[in-house]
Amino acid sequence: GMSKIQKKLYKDILMRDIDLIQGNGAKGTGKTAVLNIVMQLRKCAGHPYLFPGVEDRTLPPLGEHLVENCGKMVLLDKLLCRLSERGHRVLIF
């Protein structure tokens, strides 16, 4: 699943353009605007720190918060820990 910060950001993106999503937007802005919203939602699902101003700059740049604030990274962290315990080698590129 998504982290708390991802869920909040996802909801904020949807609520910001709720009229457009419901089809109440101006004529001619439909398809392109919806595609832009979808791209923003995909970015949010990737990692919330891809948006400016979301990352807390007081935290260390390579701290554990990078993993904790992204559902995909939490899953990857758990998977890599289990594979490491069992002696598997992993190549990530």
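In the predicted model, the buried residues of helix α3 are Ala33, Ile37, Leu41 and Cys44. These residues span an arc of only 80 degrees around the helix axis, which places them on the same side of α3. The face of α3 turned away from that buried side carries the exposed residues Lys31, Thr32 and Arg42. Cover for the buried residues of α3 is provided by elements that include α1 and α2, the latter comprising residues 18-21.

Helix α1 was examined in the same terms. It comprises residues 4-16, 13 residues in total, and reaches 18 Å from its first C-alpha to its last, close to the 18 Å expected at 1.5 Å a residue. The buried residues of α1 are Gln6, Leu9 and Ile13. They cover an arc of only 70 degrees around the axis, so they lie on the same side of α1. The elements covering the buried residues of α1 include α3 (30-46) and α5 (71-85). On the face of α1 turned away from its buried side are the exposed residues Lys4, Lys7, Lys8 and Lys11.

Charged side chains were considered next. Side chains of opposite charge can pair when their charged atoms come close. A search of the whole structure finds two salt bridges. In one of them, the side chains of aspartate 12 and lysine 8 meet at an N to O distance of 2.9 Å. Both residues belong to helix α1 and are four residues apart, about one turn of the helix. Aspartate 12 is partly exposed, with a relative accessible area of 36%, whereas lysine 8 is exposed, with a relative accessible area of 53%. Lysine 8 is also one of the exposed residues on the face of α1 turned away from its buried side. A salt bridge is likewise formed between the side chains of aspartate 17 and arginine 16, with an N to O distance of 3.8 Å; this value falls within the 4 Å cut-off applied to such pairs. Aspartate 17 is partly exposed at a relative accessible area of 24%, and arginine 16 counts as exposed at 55% relative accessibility.

At the level of the whole chain, the secondary structure comes to five helices and zero strands. Read along the sequence, the pattern is α-α-α-α-α. The radius of gyration is 17 Å, well over the 12 Å that the globule rule gives for 93 residues, so the protein chain is more spread out than a compact globule. Taken along the principal axes, the C-alpha atoms fill a box of roughly 60 × 30 × 20 Å. Of the 93 residues, 20% count as buried. The accessible surface of the protein chain comes to about 7500 Å², and carbon and sulfur atoms account for 59% of that area. Among contacts between residues at least 6 apart in sequence, 51% join residues at least 24 apart.

Methods
Residues numbered from 1 in each chain as written. Heavy atoms only, no water. Helix = DSSP H or I, 4+ residues; strand = E, 2+ residues; numbered from the N terminus. Expected span 1.5 Å × (residues − 1). Buried < 20%, exposed > 50% of the residue type's maximum accessible area, 1.4 Å probe, protein only. Arc of directions from axis to C-beta. Contact = heavy atoms within 4.5 Å. Rg over C-alpha atoms; globule rule 2.2 N^0.38 Å. Areas by Shrake-Rupley, 256 points an atom, 1.4 Å probe, with all protein chains shown as cover.
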